[in-house]
Amino acid sequence: MSGIVLQVNRKPETPGEHGLPKVPADAVRFTANGLEGDYNRFRTHAKGGDPARAVMIMPVEMLRQLNAEGWPVQPGDMGENVTSEGIAYDDFTIGARYQVGEAVIEIAEPCLACMNLASLPFIDQERGPEFIRTLTRMEGNALFNRRGWYAAVVREGTVSPGDAITPLT
């Protein structure tokens, strides 16, 4: 199943701020080190620039589901670089490759919720932990995750809103 790039999001390093929310951008070059003009503190410092976390993708369908549950998240709020449309959250799988605009990405791992999400303007201190739990938690032996997917950039290229997302594997 194919989809489209609804929005491309990035945020430059801004002293004293978290990388959330990311803001919409026009054409952006995807590189093995991430999106040009985007800074991800966790990836850079805690994960040593891990190339498997170069891009984060989040289906708008999941954002709509969270909206229906009372969480007013918008594209870019979750820290995603690509807000996709047309491919269900659970249809993204580890190892799957996608042509996204000129770039090719490979899904590497789920992105787990972090406390930085509690800094979003619509989350108050009391509801922060609840929001984190609704995104990522264990249910028995299964990981219940709704934060997004990290991907490596296999082939660099420019990505714009409206570009196709086409499965390759």
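Q: Which residues form the nonpolar patch on the surface?
A: In this predicted model, the patch is made by Leu112, Met138 and Leu143. Together they have about 300 Å² of accessible area.

Q: Where is leucine 112 found?
A: Leucine 112 sits in a loop, the one between β8 (103–110) and α3 (128–135).

Q: And why does leucine 112 count as partly exposed?
A: Because its relative accessibility is 47%, and partly exposed covers the range between under 20% for buried and over 50% for exposed.

Q: OK, switching to cysteines. How many disulfides does a search of the whole structure find?
A: The search turns up 0.

Q: Is cysteine 111 buried or exposed?
A: Cysteine 111 is buried, because its relative accessibility is 1%.

Q: What about cysteine 114, how does that one count?
A: Cysteine 114 is partly exposed, at 29% relative accessibility.

Q: New topic: aspartate 38. Where is that found?
A: Aspartate 38 is in the loop between β4 (34–35) and α1 (41–46).

Q: Which residues does aspartate 38 touch?
A: Leaving out residues up to four places away in sequence, aspartate 38 touches Arg10, Lys11, Lys22 and Asn81.

Q: What joins the side chains of aspartate 38 and lysine 22?
A: That's a polar contact of 2.8 Å.

Note on methods: Residues numbered from 1 in each chain as written. Predicted model: local features only at pLDDT ≥ 70, side-chain atom pairs only at ≥ 80, totals over all residues. Heavy atoms only, no water. Patch = residues over 30% accessible without salt bridge, like charges linked within 9 Å, V, L, I, M, F, W, Y side chains within 5 Å. Areas by Shrake-Rupley, 256 points an atom, 1.4 Å probe, with all protein chains shown as cover. Salt bridge = Lys/Arg side-chain N within 4 Å of Asp/Glu carboxyl O. Helix = DSSP H or I, 4+ residues; strand = E, 2+ residues; numbered from the N terminus. Buried < 20%, exposed > 50% of the residue type's maximum accessible area, 1.4 Å probe, protein only. Disulfide = S-S within 2.5 Å. Polar contact = N/O pair within 3.5 Å; in protein donor to acceptor, adjacent residues only side chain to side chain. Contact = heavy atoms within 4.5 Å.
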